[in-house]
Amino acid sequence: MTPTTQRDLVAEYFAGFRTSDHPRILATLTDDVEWVIHGHRTTRGRAEFDGEIENPAFTGSPELDVQRVYEDGPVVVTTGEGRGVSVEQGSFRFAFNDLFTFRDGLIARVDSYVVPLP
């Protein structure tokens with residue numbers, strides 16, 4: 001059996017978000033995970049993170065196209081573009097950059113940068 005790599009875990013994380021699969025996403029995280037969505041909010045721990053997976057301000061699951069992945073030691077950086085649906089504004093596009101920091105084989109911190117696209 002091949003061990004799971006950090007890149008594999010990040011791919012699993014994104015696959016979970018594409019289908020709003022909470023258990024799939026949460027299985028990639030440490031218990032004390034921190035998610036910093038810069039300019040928006042910070043969640044701490046799995047329970048808060050779980051609440052942000054399907055934020056009530058949005059409907060459905062996001063479309064996420066990971067375009068680049070870079071790994072250096074305990075850090076994996078991804079860039080890409082996505083689409084979502086806001087309850088108030090409707091459909092929107094965005095670019096994203098997520099920086100994943102690992103500890104003991106799981107994601108311990110996610111730094112997310114999201115930029116709206118026309």
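How many salt bridges does the count come to? I get 9 salt bridges, taking one as a side-chain nitrogen of Lys or Arg within 4 Å of a carboxyl oxygen of Asp or Glu.

**Ground rules.** I am reading a predicted model, where local features need pLDDT of at least 70, side-chain atom pairs count only at pLDDT 80 or more, and totals for chains, interfaces and linings use all residues. I number residues from 1 along each chain as its sequence is written, and side-chain values use heavy atoms, with hydrogens and water left out.

Entry 1: I started with Glu71 and Arg7, whose side chains meet in a salt bridge at 3.2 Å, N to O. This pair links distant parts of the chain, since Glu71 sits in strand S3 (residues 58-72) and Arg7 in helix H1 (residues 6-18), 64 residues apart. My helices (H or I, at least four residues) and strands (E, at least two) are DSSP runs, numbered from the N terminus. Then I checked exposure, calling a residue buried under 20% relative accessible area, exposed over 50%, and partly exposed in between (1.4 Å probe, protein chains only). Glu71 is partly exposed at 30%, and Arg7 is partly exposed at 39%.

**Entry 2: helix to helix.** Next I looked at Arg24 and Glu12, which form a salt bridge with the closest N and O atoms 2.6 Å apart. Arg24 lies in helix H2 (residues 22-26) and Glu12 in helix H1, so this pair ties together parts that are 12 residues apart in sequence. Arg24 has 30% relative accessibility and counts as partly exposed; Glu12 also comes out partly exposed, at 30%.

**Entry 3: strand to strand.** Which residue does Arg109 meet in a salt bridge? I found Glu34, at 2.5 Å from N to O. Arg109 is in strand S6 (residues 106-117) and Glu34 in strand S1 (residues 29-37), 75 residues apart. Is Glu34 buried or exposed? Glu34 counts as buried, at 19%, while Arg109 is partly exposed, at 29%. Salt bridges with shared partners join Glu34, Arg44, Arg109 and Asp111 into one network.

**Entry 4: around S1.** I stayed with S1, where 7 of its 9 residues are buried. For pairing I ask that DSSP finds at least two bridges between two strands. S1 pairs with S6 in the parallel sense over 5 bridges, and there Ile37 stands opposite Ser112 in S6. With strand S2 (residues 41-44), S1 pairs in the antiparallel sense over 4 bridges. Here Glu34 turns up again, opposite Arg44 in S2. S1 and S2 make a hairpin with 3 residues between them, and Gly39 in the turn has a positive phi of about 85°.

**Entry 5: rings.** How many aromatic pairs does a search of the whole structure find? I noted 11 aromatic pairs. Rings of Phe, Tyr and Trp (its six-membered ring) pair if their centres lie within 6.5 Å, with planes under 30 degrees apart counted as stacked, over 60 as edge-to-face and the rest as tilted. One of the pairs is Phe58 with Phe92, tilted, at 5.8 Å centre to centre and 45° between the planes. Phe58 is in strand S3 and Phe92 in strand S5 (residues 90-103), 34 residues apart. Phe58 is partly exposed at 40%, and Phe92 is partly exposed at 28%. Phe92 also forms a tilted pair with Phe94, at 5.7 Å and 35°. Phe94 counts as buried, at 10%. I ended with the aromatic cluster, whose members include Tyr13, Trp35, Phe58, Phe92 and Phe94.
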